[in-house]
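Keep the sequence and the 3D view side by side.

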Amino acid sequence: MSLVWKISLLSNKLKSNSEGSPDFVSIRLLFRNFEVMMNTLKYENRNSAMHRVGIAGSASNSVRPRKEKRFTYVLNDADDTKHCAGVNCLAVLKPSKPDNSGYLFTGSRDGTLKRWALTEEDATCSATFESHVDWVNDAVLVGGNTLVSCSSDTTVKAWDCFSNGTCTRTFRQHTDYVTCLAAAERNSNITASGGLGGEVFIWDIEAALAPLSKSSEVADDDRSSGTYGSGNSLSVASLRTIGSSNSFSLQTNLPQGYVPIAAKGHKESVYALAMNDTGTLLVSGGTEKAVRVWDSRSGTKMMKLRGHTDNIRALLLDSTGRFCLSGSSDSMIRLWDLGQQRCVHSYAVHTDSVWALASTPTFSHVYSGGRDLSLYLTDLATRESILLCTKEHPIQQLAMHDDGIWVATTDSTVHRWPAEGRNPQKVFQRGGSFLAGNLSFSRARASLEGSTPVPVYREPTCSIGGIPGIVQYEILNNRRHVLTKDNAASVKLWEITRGVVIEDYGQVSFEKKKEELFEMVSIPSWFTIDSRLGNLSVHLDTPQCFSAEMYSVDLSITEKAEDDKVNLARETLKGLLAHWLSKKKHKFGSQSLANGETQSGRDTSARSITLPKVEVDGNSENDSAVYPPFEFSKASPPSIITEGSHNGPWRKKITEMDGTEDEKDLPWWVLDCILHNRLPPREHTKCSFFLHPYEGSTTQTVTQGKLSAPRILRIHKVVNYVVEKLVLDKPLDGMAIDGAFAPGQSGGQLQHSTIGGDGSFRSGSKPWPKLKHSIEILCNNQVLTPDMSLATVRAYIWKKPEDLVLNYRIVPGR
C-alpha cells in the first residue's frame, strides 16, 4: 500500500472519529501517526529529488537516473603560450602613458584568453586566463583594469587584467550560449551580454564585483545548484535584465540586492550588441533580422528597425548614439539614423556574410570583414570602398590599434594590418577603390564578372602565431593511444594516460597510418574524446570509465607483480591528481584524508554509504604511487574540466590546484577513488567460455561445464589450465606436455591459473617435470597466440553473441 494511500485512509478515519464521540487518546495517536507519515513522505520526496531527474516537458511521471558529474582533462600542447583554435574576440588596452606598451587580449575557441604585451613589431604572451570550459565568444575591457568575457559555457566572467590569470567573479545568469558583449567606453560600470537564449543582461560591473554581505555569502553557500562559480558570489544588484518574450522570473533564494529589471524582448538568439560611450543606449541584433534599440538605464525597448534579410552578426554605435552600423549574413552593411528611425544608407561591399565591423574614431569610415575572407575599408559618406587585404580564413572580429587593425579569424593566428586609422583617406589615394552599391546582388554580380579588386596590402605588419588545431582523431584499439591530424595536415600519436605526443609522423596519410597502427586487441571503451577546443579533451564518466583493466606486465610496470590487474581510469586519475593530493596532504595531513575529512569539515566517505554497492580495489589498497605509464608532463600539464556539488563547472591546470578543492569542486566518485581506493560496481568484466577437446583429437575432456575468467586473461593461462588437468590430475601414458607458454617457469615451478569449483580462474602453482609436447588452443579452427586475451578472441575470432568455445589439442614438440 502506498504511503499516500495510507495517509488518505488515516485522514478519513480521523474525520470519522471527530464526528462521533471522540476518543481523545486515539485522536492524539492518529495525529502522531499522521505527522510521522508526512515526515516520511517529505524524506522520500527529498531523496527522490536527489537521485532522480524528471524529464522536462513531459506530462507523465517518468523519471531517469541522475547523471553523475563528468571528469574531463584537456591535453595541452608543449607551447602553451599560443592559441590552438580559432580566435573569436579581441580587446586592445591602450597604454596609460606614451612610453608604456599596450596590451592585446584575445579569446579563443580553445576556451582560454591570453594577454599580449605589444611593441611596434612584436607581441609577447604575458598571461593566460583559464577558467571557461567552452569557447570564449567575446571579451570587453571595463574600467581600465577589468576584463569581461563570455562563453558557450553560458557564463560571463570578470578578470583582473594585470594578474596572472585570476578570475575575480563568475556570473551564471544566462541559460544558453553567451555570444556577445558590449561596454560603454566612458562609463566603466556598464556592460551588456547577450546569447542564444534570447536574453540580454545589462550589468553594473562595480556592483557586480562588490563583496557580498556575510548573510548573503552564507545563503549562497547553502545552495547546491551552482548558480555562481568558482566560490564567487554575485548579487542580483549587479544586473538589469532584458528578458526573452517570456517574462524573466527571479529565484526567491538569491542574495539580497537590487531587483533585476525584466522586459519582453528578443524572441530568438542574439548575436551582436553595441553601446554608446555613456552607456545610456544599447542596440542588439540576431536571428530576428531586426535591430532593437534599448534604454539601458531602464531596460525598456525604444524601437525596432527592419531592413536586413538575414541574421545580424555585427553592430556599432557612434559615440553620441545617433548613428548605428549593422553587418548581416545577407552580405550588407547598413547605416541607421536612430533619430529618424530609418536606414539612411546600405553598402554592398562583401560577397558573403559580414561578421565584424570597426570604425574610425570619428565614425566616418568603417572596416568590415566576414565569411568572404576579405577586409574592406568604406567611406560612409562617399560610399567609396577599397580592399585592404584577403585572408585564408573567415574574419571573426576586428580591433583598431593606432594606425593598424588587429584581425581575428577562425584560425589560431592573429594579424595586425596597416589601416591608416587616423587618416583613412591615405589608403584611397593608392587607387583601386570602387563604389559600393546599395543592393546585395550588385556586389556579387561584379565579382562574377571578374572585377574583383586587388588588395592594397600583401603582408601584415605583425603576426601572433598559433598552433594548428586538431581536426581528426581515432582512438586505437589499445585504448591508450589516439591518432590525430591537425589543420596543418600533421599526424601525431598521443598517449592519453600520460598526456604526451609519443610520435610525430609529419604530413602523412591519416588513413594509412591508422591501418599501420592497427592491433588485434580488445579493451573496453573507458573514455570518450572530442576536439572541440582544438586539443584533445578526454572525458571520464562513471562507472563506464572503470571498465578497462590490464596486467601490470603489459604496461611494463616493474614495481608490481606481473599478474596484478591495473585499472586504467584509476591510475590515470592518480596521475592527474598527484599534485593536488600532495598539496592536500601537506595542508591537512595524511590521517585526515584517510578518514575522509576535508577542509570543509565534511566526511567524503559518508557519500558511499548511500550507494547500492561499492567495490574496494584490493590490489591498490594504500597504493598512492604513480607509475610511469600514468605520469603526466609538468612542462605541459593538462587542464581539468569538472564540477562538484557547488559552484558549477570549472577549469584549471593540474599544477595550479592548491589542495583546497574538495567535494564542492570535484565529483564524489573521483574523491572516492583517489582517497579511499573505492571503485563503483563494474559490469562485463568476466568472460564465459567452454573448453573442449579439438574435433578428432583423442585428448581427454578436462571439464564438462562452462568456465568463467577475467576478460583480460591470456590464452597461455588457458594452456596452463589444460596442462594441469591433463598431467597432474590424470597423467597420460608415454605423453609429455610442454608448458613453455606460461610465464614464470623456473626450476620445475610454473606460475599458472587454475579454475576453482565456482568455474572462475585463480592463481596457483604446482610443480611438474619438463615436458616435450605442447598444447594448442583453437577457436573457430584458428590457432590462438599465447598473448591473446579472451576478450580479443571473442571480438576478432569468435564473433558470435553466444558463449565463447575454445578447443585444445596436443601437438608433438619439434
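A salt bridge here is a side-chain nitrogen of Lys or Arg within 4 Å of a carboxyl oxygen of Asp or Glu. By that rule, the count comes to 28 salt bridges. Keep in mind that this is a predicted model.

Start with R292 and E288. They form a salt bridge, with the closest N and O atoms 2.8 Å apart. Are these two residues buried or exposed? Both R292 and E288 are buried.

Stay in this part of the chain for a moment. K289 sits in the loop between β17 (281-286) and β18 (290-295). Its backbone stands out: phi of K289 is near 70°, a positive value in a residue other than glycine. K289 counts as partly exposed, because its relative accessibility is 35%.

D402 forms a salt bridge with R422, and here the closest N and O atoms are 3.5 Å apart. What does this pair tie together? D402 lies in the loop between β28 (395-401) and β29 (404-409), while R422 lies in the loop between β30 (414-418) and α5 (425-428), so the bridge ties together parts that are 20 residues apart in sequence. D402 has a relative accessible area of 44%, so it is partly exposed. R422 has a relative accessible area of 61%, so it is exposed.

The loop between β30 and α5 also holds E420. E420 has a positive phi of about 50°, although it is not a glycine.

A further pair joins sequence neighbors. E571 forms a salt bridge with R570, the closest N and O atoms being 3.0 Å apart. E571 has 4% relative accessibility and therefore counts as buried. R570 is buried too, because its relative accessible area is 1%. Some salt bridges share partners, and in this way D80, E130, R651 and K653 are joined into one network.

K267, K301, K304 and R306 gather on the surface in a patch of positive charge. Patch members have no salt bridge and over 30% relative accessible area. Take R306 as an example. R306 belongs to strand β19 (residues 300-306). R306 counts as exposed because its relative accessibility is 57%.

Next, look at a helix. How many of the residues of α11 (residues 668-676) are buried? The answer is nine of its nine residues, and the helix is mostly covered. The buried residues include W668, W669, V670 and L671. D672 and H676 are also among the buried residues of α11. In general, an α-helix has 3.6 residues a turn, so residues three or four places apart point the same way. After α11 comes N677, whose phi is positive, near 60°.

Turn to the cysteines. A disulfide is a covalent bond between the sulfur atoms of two cysteines. The count in this model comes to zero disulfides. C687 is in no disulfide, and its nearest cysteine sulfur, that of C779, is 9.9 Å away. The cut-off for a disulfide is 2.5 Å between the sulfur atoms. C687 has 6% relative accessibility, so it counts as buried.

Now check a peptide bond. T542 and P543 are joined by a cis peptide bond, with omega about 0°. P543 lies in the loop between β38 (537-540) and β39 (549-551).

S552 is found in the loop between β39 and β40 (565-567). S552 is buried because its relative accessible area is 0%. Which distance separates the C-alpha atoms of S552 and K565? They are separated by 6.1 Å, though the two residues are 13 residues apart along the chain.

V702 is the other loop residue. V702 lies in the loop between β45 (686-693) and β46 (707-710). V702 is buried because its relative accessible area is 12%. V702 and V722 are 20 residues apart in sequence, and their C-alpha atoms are 6.9 Å apart in space.

How values were computed. Residues are numbered from 1 along each chain as its sequence is written. This is a predicted model: local features need pLDDT of at least 70, side-chain atom pairs count only at pLDDT 80 or more; totals for chains, interfaces and linings use all residues. Side-chain values use heavy atoms; hydrogens and water are left out. Patches are made of residues with over 30% relative accessible area and no salt bridge: like charges are joined within 9 Å, nonpolar side chains (Val, Leu, Ile, Met, Phe, Trp, Tyr) within 5 Å. Accessible areas come from the Shrake-Rupley method with a 1.4 Å probe; for residues, only the protein chains shown count as cover. Lys and Arg count as positive and Asp and Glu as negative; His and the chain ends are not counted. The place of a charge is taken as NZ of Lys, CZ of Arg, CG of Asp or CD of Glu. Helices (H or I, at least four residues) and strands (E, at least two) are DSSP runs, numbered from the N terminus. Buried means under 20% relative accessible area, exposed over 50%, partly exposed in between (1.4 Å probe, protein chains only).
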